[in-house]
Amino acid sequence: MVPEEGKVYNQRTGNEYDTIQAAVIGANDEDTIVVGDGDYTEDLTIKNKAITLKSLNGRDSTTIKGKIIIQSDNVTINGFTVEATDTTAPVIHMIDSDNINIINNTVLAQGYASIGTSTAPAKVTGKISGNKVTGMIIVGTNGKLEVSN
């Protein structure tokens, strides 16, 4: 099943959702959430879910207007434009998480970091690669995090 514009679906279950956060809440570990083309105005929190969140047709077709907070291990965010609506926190914020992959996204900050870890030496591992960013990438981690563009 391929999601229509403005819809989100879980690749494993085939369930369709109107919001990305609803699909995240309904997901189980190792699920892949596919986001149809369009603009989504919502903040996302991925907590205690090892999931892949990917756009159907890449960063030029799917925009999230809001922030993404990751508080889980084994999460991949792939192929979105993510636009900040908050000037006080990273657009994509990783908090004490292992094996986080932020790949092939455009991340647009407003006065703060585009991609960042929690304050103090955080435990974050994974890869930040293939992204186009405005704003800084702030990484304060005592884990192994590969950063390249």
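Is Lys7 buried, exposed or partly exposed? Partly exposed: its relative accessible area is 21%. On this scale, buried means under 20% relative accessible area, exposed means over 50%, and partly exposed is in between, with a 1.4 Å probe and protein chains only.

Some ground rules. This is a predicted model, where local features need pLDDT of at least 70, side-chain atom pairs count only at pLDDT 80 or more, and totals for chains, interfaces and linings use all residues. Residues are numbered from 1 along each chain as its sequence is written, and side-chain values use heavy atoms, with hydrogens and water left out.

Now the overall picture. The chain has 1 helix and 18 strands. Those are DSSP runs, numbered from the N terminus: helices are H or I with at least four residues, strands are E with at least two. Of the 149 residues in the chain, 47% are buried. Take the contacts with a separation of 6 or more: 48% of them join residues 24 or more positions apart. Contact means heavy atoms within 4.5 Å. The accessible surface of the chain is about 6800 Å², and carbon and sulfur atoms hold 44% of that. The areas are Shrake-Rupley values with a 1.4 Å probe; for residues, only the protein chains shown count as cover.

Next, the sheet. Five strands form an open sheet: 5 strands in the order β5-β8-β11-β14-β17, paired in parallel. β5 (44-47) and β17 (137-138) are at the edges with a single partner strand each, so one side of each has no neighbour in the sheet. Two strands pair if DSSP finds at least two bridges between them. β5 and β8 (residues 68-71) run parallel and are joined by 4 bridges. In that pairing, Lys47 is opposite Gln71 of β8. As background, strands of a sheet pair through backbone hydrogen bonds, either parallel or antiparallel.

On to the core. The largest nonpolar core has 31 residues, and the members touching the most others are Ile20, Leu53, Ile68, Ile70, Ile77 and Ile102. At least two core residues come from each of α1 (20-26), β3, β5, β8, β9, β11 (92-94), β12 (97-103) and β15 (124-129). The largest share, 3 residues, is from α1. The rule for a core: buried Ala, Val, Leu, Ile, Met, Phe, Trp, Tyr and Cys residues, joined through side-chain atoms within 4.5 Å. In general, nonpolar side chains in soluble globular proteins tend to be buried together.

Look at Leu53. Beyond four places in sequence, Leu53 touches Ile20, Ile33, Val35, Leu44, Ile46, Thr76, Ile77, Asn78 and Phe80.

That brings in Phe80. Phe80 sits in the loop between β9 (75-78) and β10 (81-83). Its relative accessible area is 0%, so Phe80 is buried. Outside four places in sequence, its contacts include Val35, Leu53, Arg59, Ile64 and Asn105. Val107 is 27 residues from Phe80 in sequence, yet their C-alpha atoms are 8.0 Å apart.

Thr32 is another buried residue, at 16% relative accessibility. Thr32 belongs to strand β3 (residues 32-35). Among its contacts beyond four places in sequence are Tyr9, Thr52 and Lys54.

How many salt bridges are there? The count is 3. The rule is a side-chain nitrogen of Lys or Arg within 4 Å of a carboxyl oxygen of Asp or Glu.

Start with Lys7 and Asp18, at 2.4 Å, N to O. Lys7 lies in the segment before β1 (8-10) and Asp18 in the loop between β2 (16-17) and α1, so the pair ties parts that are 11 residues apart in sequence. Asp18 is exposed, at 54%.

Then Asp31 and Arg12, at 2.5 Å, N to O. Asp31 is in the loop between α1 and β3, Arg12 in the loop between β1 and β2, so this pair ties parts 19 residues apart in sequence. Asp31 is buried at 2%, whereas Arg12 is exposed at 51%.

Last, Lys67 and Asp43, with closest N and O atoms 4.0 Å apart. Lys67 is in the loop between β7 (62-65) and β8, and Asp43 is in the loop between β4 (38-41) and β5, 24 residues apart. Both are partly exposed: Lys67 at 21%, Asp43 at 42%.

Finally, the surface. Tyr112, Met136 and Ile138 make a nonpolar patch of about 260 Å². Patch residues have over 30% relative accessible area and no salt bridge; like charges are joined within 9 Å, nonpolar side chains (Val, Leu, Ile, Met, Phe, Trp, Tyr) within 5 Å. Met136 lies in the loop between β16 (132-134) and β17, and is partly exposed at 49%.
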